[in-house]
Amino acid sequence: MKLAFAGTPEFARVALQALHAAGHHIVLVLTQPDRPAGRGMKLQASAVKQFASAHGLPLAQPRSLRLDGKFADDAGAAREALGRAAPELMVVAAYGLILPAWVLTLPPLGCLNIHGSLLPRWRGAAPIHRAIEAGDATSGITIMQMDAGLDTGDMLLAEPMAIQPDDTTATLHDRLAEQGARLIVQAVALAERGNLQALAQPETGVSYARKIDKSEGVLDLSAPAEHLERRIRAFDPFPGCTLTLGGQTLKVWRAAVVPGAGSAGSAGSAGSAGQVLEAAGDRLVLACGYGALQLLDVQVPGGRRIGVREFLQGHPLAMD
């Protein structure tokens, strides 16, 4: 098929690669403009742009697709490029720009979105993070026919995936990216034959995965230990979780809930929230609002990710 593709990060690149390998004619790739990244803040091409450039695929990087917005010239150029390319179908994956009505209706078969959850749960920007943070047992991929709403379109294909107890957003992301790539190839093949079956999303079970804010990464030790452990996994690799310990800020990359610790101030209490309960060898344990959290992998400012034993050798802590 003649396909347009809109996407930006690695999650989208995996899907683009799969569609390209399946032999589809990618007539235009849309991706976000290059952004500053890394310590030197040099402009860096998106993962999708890197793939498109390496394979000679036509590419556009509009700052917006709104014809009446601040970057109307960019939007107009993109509309002309899409019109010339005349795709039969557009595939969208983690693009990062809102698609106005003129985009949704330009391809005869519309726009299909690869969404990293089982809709209608976790509509929105950060479904993988929020599923882990909430303690969900299952995630998955939904291939959806896009409409003007926020992830409200009809479902075309859906497949669950179990969330493992040690999954981070990074590990679950990679599995879902591969699953999404496989399902979108299947969906495009069905669309080509006119065999896609649309199913309206149920009205119950709707939840929204709001965008991750860096401020959410600050750990509040008055919260239950199991909530903090999930948040640490959910915010790995971005934005990471931090706490202040011994007068310095630490990033916490891996932690475990200590079995059997009670709530602060109760019988069998783990201590008051934030109290250092153990700080020797490879054990660094902090009391939480309910239970206790054992830190496993941490990072000091300007340093690398290290295990707690190595951290304590260079930064001894007194028990409270």
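The model is predicted, so local features are given only where pLDDT is at least 70 and side-chain atom pairs count only at pLDDT 80 or more, whereas totals for chains, interfaces and linings use all residues. Residues are numbered from 1 along each chain as its sequence is written, and side-chain values use heavy atoms, with hydrogens and water left out. The protein has eight helices and 17 strands, where helices (H or I, at least four residues) and strands (E, at least two) are DSSP runs numbered from the N terminus.

**Overall build**

- The C-alpha trace of the protein spans about 70 × 45 × 35 Å along its principal axes.
- Of the 320 residues in the protein, 50% are buried; buried means under 20% relative accessible area, exposed means over 50%, and partly exposed lies in between, with a 1.4 Å probe and protein chains only.
- Among contacts (heavy atoms within 4.5 Å) between residues at least 6 apart in sequence, 62% join residues at least 24 apart.

**Helix H3**

- Helix H3 (residues 72–85) has 14 residues and reaches 20 Å from its first C-alpha to its last, close to the 20 Å expected at 1.5 Å a residue, the expected span being 1.5 Å times one less than the number of residues.
- The buried residues of H3 are Asp-74, Ala-75, Ala-78, Ala-81, Leu-82 and Ala-85. They cover an arc of only 125° around the axis, which puts them on the same side of H3; the arc is that of the directions from the helix axis to the C-beta atoms.
- An α-helix has 3.6 residues a turn, so residues three or four places apart point the same way.
- The exposed residues Asp-73, Glu-80 and Arg-84 are carried on the face of H3 that is turned away from its buried side.
- The packing partners of the buried H3 residues are strand S1 (2–7), strand S2 (25–30), strand S6 (89–93) and helix H4 (101–105).

**Helix H5**

- Helix H5 (127–134) is mostly covered, with seven of its eight residues buried, namely Pro-127, Ile-128, His-129, Arg-130, Ala-131, Ile-132 and Glu-133.
- These buried residues of H5 pack against S7, strand S8 (123–124), H6, strand S11 (208–209) and H7.
- Gly-135, which follows H5, has a positive phi near 80°.

**The largest pocket**

- About 1,800 Å³ of space lies in the largest pocket, a volume being the space filled by probe spheres set on grid points that are joined across faces, edges and corners.
- A pocket is found on a 1 Å grid over the protein atoms alone, as an open set of points where a 1.4 Å probe fits, with protein on both sides within 12 Å along at least five of seven lines, and its lining residues have an atom within 4 Å of a point.
- The largest pocket is lined by 48 residues, of which Pro-9, Ala-94, Tyr-95, Gly-96 and Ala-125 are the closest to its centre.
- At least two lining residues come from each of helix H1 (10–21), strand S3 (35–37), helix H2 (47–54), strand S7 (111–115), helix H5 (127–134) and helix H6 (169–193), and H6 gives the most, with four residues.
- By class, the lining has 26 nonpolar, 15 polar and seven charged residues, where Ala, Val, Leu, Ile, Met, Phe, Trp, Tyr, Cys and Pro count as nonpolar, Asp, Glu, Lys and Arg as charged, and the others, Gly among them, as polar.

**Cis peptide bonds and positive phi**

- A cis peptide bond with omega of about 20° joins Asp-236 and Pro-237, and Pro-237 lies in the loop between helix H7 (225–234) and strand S12 (241–245).
- The peptide bond from Phe-238 to Pro-239 is cis, with omega near 0°, and Pro-239 is found in the loop between H7 and S12.
- Ala-86, in the loop between H3 and S6, has a positive phi of about 50° although it is not a glycine; Ala-86 is partly exposed, with a relative accessible area of 36%.
- Asp-151, in the loop between strand S9 (138–145) and strand S10 (155–162), has a positive phi near 55° and is buried, with a relative accessible area of 12%.

- Leaving aside residues up to four places away in sequence, Leu-317 touches Leu-245, Gly-246, Ala-279, Leu-284, Phe-311 and Leu-312.
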